[in-house]
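Subject: Structure for you to look at

Hello,

I am passing on the structure we spoke about. Please have it open while you read, as the notes below go through it part by part.

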Amino acid sequence: MTSAPADPRGLDLERLRGHLDRVRPEMVAGALRGRLIEGGRSNLTYEITDGAARWVVRRPPLGHVLATAHDMRREHRVIEALHGTAVPVPEPLLLCEDEAVLGAPFYVMEFVDGVPYRTAEQLAAIGPERTRRAVLGLVDTLVDLHAVDPEAVGLGDFGRPEGFLDRQLRRWGKQLAASRGRELAGIDELHGALGRTLPDSPAPTVVHGDFRLDNVLIGGSPSGTDTVRAVLDWEMSTLGDPLTDLGLLVMYSSDLGLTGSPVSTTSGAPGHPTPAELVERYAARSGRDTGAIAWYTAFAWFKLAVILEGIHYRYTLGQTVGAGFDRIGELVPVFIEHGLTTLQDRQELQNRQEG
């Protein structure tokens, strides 16, 4: 006699099945099985199946949740709005805000076949030509996202673009304070320097907030191979400065200077475009001025330092699910140092130009 497979932590399959049978009575044909999709460090993502079809469930992390983070309604709303545009997103199937089902709000979306390339080693395995095509396609998808008219897709009130950068800095400062359990040399200096050198923002767009290669699925399509099949993880999306997305992409395409890190960039893969190439392609296709990209990249280093510190904080409380969390804390000072260096290089360049 064999026992039924255990539920993944945070996903009660019996309760989920009961809810699906009530709201989508013909959706599930058999007993549900599920597994946690590893790789995420924030919201939890599960693949579920009834043996015939597959879906994806998204829910907030267990335990400590910062205000405004991990908002399932918001994430569901943006992919529902973008579904059918030039931006590839999974089809959202249902949103459940009743915490009695899984202990937190969640939503269910279609399962999209594709690969989330997370490391330079994974990209190296597909070769330089495919790597270059995939990463440049990522830039093109970002341009498509920033070309969407928010009003036309029902997202005109999705954020408050005026004063976006200043508000972002204050928000991430508050996020840091809420998860700060230790001293972090340089992080207050970085935060202050960013605040003193705010650039003027271009016209606002829908921004993803965490746009990088391992938050998309790459796969084949009728028009070719290695295309972006779906953009995932919209929990930080809003209306705001589109160059914050580009700065983050540049950061993730830079050399982190670490080996064996649980958070890695993809820059070391043969064929990977340089950060400068990514910026040039984005500027050419979008028509936006990218002259202040160093500030946006430094801001990305700061934001990631805060996010990683929050994850480290939850890890110290035993509230994380999955592998690799034990080394997150040691990465935070590295991100702080990169942010400070990026701002310093920008200032030195400006001084030379003015001299």
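Threonine 297 is found in helix H10, which covers residues 293-316. The model is a predicted one, so please read everything here as computed from that prediction. Threonine 297 has a relative accessible area of 7%, which is under the 20% cut-off, and therefore counts as buried. Setting aside residues up to four places away in sequence, threonine 297 touches Gly247, Val250, Met251 and Thr342.

H10 has 24 residues and reaches 35 Å from its first C-alpha to its last, close to the 34 Å expected at 1.5 Å a residue. Of those 24 residues, 20 are buried, so H10 is largely enclosed by the rest of the structure. After H10 comes glycine 318, whose phi is positive, near 75°.

Next, the nonpolar cores. The largest one has 83 residues, and Leu194, Trp234 and Phe335 touch the most other members. H10 gives the most to this core, with 14 residues. A second, separate core has 20 residues, including Leu11, Ile48, Trp55 and Cys96. As general background, nonpolar side chains tend to be buried together in soluble globular proteins.

Tryptophan 234 is in contact with Glu75, Val78, Ile79, Leu82, Val87, Val89, Leu145 and His208, leaving aside its neighbours within four places in sequence. Is glutamate 75 buried or exposed? With a relative accessible area of 1%, glutamate 75 is buried. Apart from residues up to four places away in sequence, glutamate 75 touches Asn43, Arg58, Tyr107, Asp233, Trp234 and Glu235. With one of these, asparagine 43, there is a polar contact between the two side chains, at 3.2 Å. For arginine 58, which is 17 residues from glutamate 75 along the chain, the separation of the C-alpha atoms is 9.5 Å.

Now the strands. Strand S5 (residues 106-110) is mostly covered, as four of its five residues are buried. Two strands pair with S5. Strand S3 (residues 54-59) pairs with S5 in the antiparallel sense over four bridges, and in S3 and S5 valine 56 stands opposite methionine 109. Strand S4 (residues 92-96) also pairs with S5 in the antiparallel sense over four bridges, with leucine 95 opposite tyrosine 107 of S5.

Histidine 19 has contacts in this part of the model. Its place is in helix H1 (residues 13-23). Histidine 19 counts as buried, at 10% relative accessibility. Beyond its neighbours within four places in sequence, histidine 19 is in contact with Leu94, Cys96, Val101 and Phe106.

Valine 228 counts as buried, with 13% relative accessibility. Which residues is valine 228 in contact with, leaving aside its neighbours within four places in sequence? They are Pro88, Gly137, Leu138, Thr141, Val216, Leu217 and Ile218. Among them, leucine 138 is 90 residues from valine 228 along the chain, and their C-alpha atoms are separated by 6.7 Å.

Regards

Technical notes. Residues numbered from 1 in each chain as written. Predicted model: local features only at pLDDT ≥ 70, side-chain atom pairs only at ≥ 80, totals over all residues. Heavy atoms only, no water. Buried < 20%, exposed > 50% of the residue type's maximum accessible area, 1.4 Å probe, protein only. Contact = heavy atoms within 4.5 Å. Polar contact = N/O pair within 3.5 Å; in protein donor to acceptor, adjacent residues only side chain to side chain. Core = buried A, V, L, I, M, F, W, Y, C linked by side-chain atoms within 4.5 Å. Expected span 1.5 Å × (residues − 1). Pairing = 2+ DSSP bridges.
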